[in-house]
Amino acid sequence: MKIALATTTIHVPHALKLMRKCSEDVKFFVALDKNSDFNGIALHMENDWDSSWLTPDFQGTWKCSGLLGWNTLARRNIAFLEALKWGADVIYSWDDDNLPLDLQHFRHIETAFYYPPGAWAGLQVGGYAWFDPGQLLIPPTRHRGFPYIMVPQSRAEPIVDAKIGVATGLVIGDPDIDAVTRMEKSPDIGSVHILGSVGVVVDPHTWTIFNTQNTAVLREFVPAWFMMPNVGRHDDIYASLIVQRVMRERGYCVHFGQPFTYQQRNPHNLVKDLRAEIDGMDNVLRLANLLDSIVLLGKSVIDDTRTIYQTLAHVDWLPPKSIEAGLAFIDDCESIGL
């Protein structure tokens, strides 16, 4: 199994050296931004030859690049494309403030995808409209992007024929929560629920959300995993909904569990974060409901994802440039041969 780590950073990614200790075989793709610390990064990683440092000039070869903007996490899409071009079977998206908790980090990812499609057996949560993965943490903590009007619920049942398309690792320490929760509670996560320890899948007909800080996606579903520019801090949340909708058509699930990371969160302005979350708080349910209503023909992931973005082009609550960038990303994926 060929695994690629994809990220973007403006900081010197000190944790990448620890990630390299977890595997000599994983290829790293780092999309640099115009305000990245080029000299510091080059000096820090000078002996890691199995990494691709994607400079701003280099990224311009992709159709979507000029539509993403700069100084944005959406540059991560370029790392996804380069990883696909390299031939990755699984793309692992990682944030540079997440620290692996053991050196078997990538082995945990392999384990999640090891079973042939339809052969994973264990526990499944679902049977209701939404599942909050923050309920797998101790203490339970609402995940960023989970709709505020939804009450978190948990119910497990046995499953013997699950197909896993996304494997999301749980985050210890400073979890991924919205700015309001961080201002009010600032939780420190010290452990995970037993269901998180053993790993669970989510019923494909139950919505959930996941981010891009510790998440792996099968190659075939990456065209649906686009980080929209110009939508604030819901770029990864919207992407998680779209990829779920495409996977649902094929009976694939999201898995939550290992690998765990410890987040030593980079400095943030919480008021700025809150401003960047407001529109998403308004629209996350709207997007899920719209996705439920779209009829997909299931010909290919590319075709289904393009249908979704062509439908989104007609809504007035998403920036037209975001949709244009998404369609260009799909074209880029198609040019690779997906």
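Reader: Is threonine 7 buried or exposed?
Author: This is a predicted model, in which local features need pLDDT of at least 70 and side-chain atom pairs count only at pLDDT 80 or more, while totals for chains, interfaces and linings use all residues. Residues are numbered from 1 along each chain as its sequence is written, and side-chain values use heavy atoms, with hydrogens and water left out. Buried means under 20% relative accessible area, exposed over 50% and partly exposed in between, with a 1.4 Å probe and protein chains only. Threonine 7 has 2% relative accessibility, so this residue counts as buried.

Reader: Which residues is threonine 7 in contact with, leaving aside its neighbours within four places in sequence?
Author: Threonine 7 lies in strand S1, residues 3-9; helices (H or I, at least four residues) and strands (E, at least two) are DSSP runs, numbered from the N terminus. Contact means heavy atoms within 4.5 Å. With those neighbours left aside, the partners of threonine 7 are Phe29, Val30, Ala31, Arg76, Ala79, Trp94 and Asp95.

Reader: Is proline 116 buried or exposed?
Author: Proline 116 is found in the loop between helix H6 (105-114) and strand S6 (120-125). Its C-alpha atom is separated by 9.2 Å from that of isoleucine 164, 48 residues apart along the chain. The relative accessible area of proline 116 is 52%, so proline 116 is exposed.

Reader: How many disulfides does the structure hold?
Author: A disulfide is a pair of cysteine sulfur atoms within 2.5 Å. Cysteine 22 counts as buried at 11% relative accessibility, and cysteine 253 counts as buried at 3%. The number of disulfides in the structure is zero.

Reader: At what angle do H9 and H10 pack, and what does that make H9 relative to H10?
Author: Axes are lines fitted to C-alpha atoms, for helices over the stretch in contact, and angles run from 0 to 180 degrees between N-to-C directions. Angles under 35 degrees count as roughly parallel, over 145 as roughly antiparallel, 65 to 115 as roughly perpendicular and the rest as oblique. The axes of H9 and H10 are 10 Å apart, and the packing angle is about 10 degrees. That makes H9, relative to H10, roughly parallel.

Reader: Which helices are included in what covers the buried residues of H11?
Author: Helix H11 spans residues 301-312. Its buried residues are Val301, Ile302, Asp304, Thr305, Arg306, Ile308, Tyr309 and Leu312. What covers them includes helix H9 (235-248), helix H10 (270-293) and helix H12 (320-336).

Key: The expected span of a helix is 1.5 Å times one less than its number of residues.
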